[in-house]
Amino acid sequence: SRISHKPTTKQRGIEYIDFPSPNTRGGPPGSGAASAGLRTSLPYQLPTANNMTAKTLVFTSAALNYIPKVRMLFNSLREFHPEIELHLALSDLLPSDVDLSGEPFDEVHPIDTLGIDQWRPWAFCHNIVELSTAIKPFVLQKLLARPDVARVIYFDPDMVLFSRLDDMLDRLVEGDADVVLTPHQTDPDSSLRAVMDNEISSLKHGIYNLGFVGVRTTDEGKR
């Protein structure tokens with residue numbers, strides 16, 4: 001059971017995908033259909049050059065006030081992908097009186113551990129939402145540098161999974177994509193209002209929705 005994705009463009013090892021409706025239900029893993037509420041009997045295994053031992057890491061980025069949402073996301077990942085390692089990029093210091101040991105994270109990366117030069121004044125140049133976004137590339141770079149990692153995936157903390165991600169993971173191996181992204185649009189708008197609302201907005205704020213990104217630990221992916 002998994003979410004199925006439709007490739008739209010591939011260029012320089014970067015593949016862009018469209019997400020279908022989360023209500024889509026379908027056949028078994030490998031069928032290209034999407035389904036929810038089902039689990040395969042064995043964890044999904046990805047072929048790698050390192051005799052299938054390289055890890056898939058998933059991380060999200062949030063402040064302490066977002067921990068309940070992070071918990072929902074990571075619990076859903078545990079439900080459908082118990083083999084994936086889960087990381088929290090924390091846009092906060094981790095106070096000594098805050099205990100996250102019972103949370104579904106494998107590792108927490110507070111902002112002061114990310115190697116950001118003069119991180120305190122830098123942090124105060126952002127509001128809390130901007131800061132949680134701004135630390136993402138530092139964490140991605142940190143995780144991609146680990147020798148036992150094959151691919152790193154980011155999800156926004158206000159998301160939740162309802163099925164497995166096998167198709168998405170396949171694109172980072174069998175699809176030979178180094179980076180997987182989701183564009184805001186794949187077809188042009190025709191009406192003036194739609195162009196103003198969608199196309200111009202995408203040009204102003206970014207043509208990709210980085211609520212999700214997947215990167216392989218290849219030279220192109222790390223670049």
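Is Lys55 buried, partly exposed or exposed? At 32% relative accessibility, Lys55 counts as partly exposed, where buried means under 20% relative accessible area, exposed over 50%, and partly exposed in between (1.4 Å probe, protein chains only).

The legends below describe a predicted model, in which local features need pLDDT of at least 70 and side-chain atom pairs count only at pLDDT 80 or more, while totals for chains, interfaces and linings use all residues. Residues are numbered from 1 along each chain as its sequence is written, and side-chain values use heavy atoms, with hydrogens and water left out.

**View 1. Overview of the protein chain.** The chain has seven helices and eight strands; these are DSSP runs numbered from the N terminus (helices H or I, at least four residues; strands E, at least two). Of its 223 residues, 42% count as buried. Among contacts (heavy atoms within 4.5 Å) between residues at least 6 apart in sequence, 71% join residues at least 24 apart. The accessible surface comes to about 12000 Å², and 54% of this area belongs to carbon and sulfur atoms; accessible areas come from the Shrake-Rupley method with a 1.4 Å probe, and for residues only the protein chains shown count as cover.

**View 2. The salt bridge between Glu85 and Lys55.** A salt bridge is a side-chain nitrogen of Lys or Arg within 4 Å of a carboxyl oxygen of Asp or Glu, and the structure holds 10 of them. In the pair shown, the closest N and O atoms of Glu85 and Lys55 are 3.0 Å apart. Glu85 counts as buried, at 18% relative accessibility.

View 3. His87 lies in strand β4 and is buried, at 0% relative accessibility. Its side chain makes a polar contact of 2.8 Å with that of Glu85, and another of 2.8 Å with that of His109. A polar contact is a pair of N or O atoms within 3.5 Å; within protein, one must be able to donate a hydrogen and the other to accept it, and residues adjacent in sequence count only if both atoms are side-chain atoms. Not counting residues up to four places away in sequence, His87 touches several residues, including Leu57, Phe59, Phe74, Leu143 and Arg146.

**View 4. Buried face of helix α4.** Lys136, Val139, Leu140, Leu143 and Leu144 are buried in helix α4 (residues 136-144). Seen down the axis of α4, the buried residues fall within an arc of 130 degrees, so they line one face of the helix; the arc is that of the directions from the helix axis to the C-beta atoms.

**View 5. Two further salt bridges.** Arg164 and Asp166 pair through their side chains at 3.0 Å, N to O. Arg164 is buried, with a relative accessible area of 2%, and Asp166 is buried at 3%. A salt bridge also joins the side chains of Asp178 and Arg216 (3.5 Å, N to O). Asp178 lies in the loop between α5 (166-171) and β7 (179-181) and Arg216 in strand β8 (residues 212-216), so this pair ties together parts that are 38 residues apart in sequence. Asp178 is buried at 10% relative accessible area, and Arg216 is buried at 15%.
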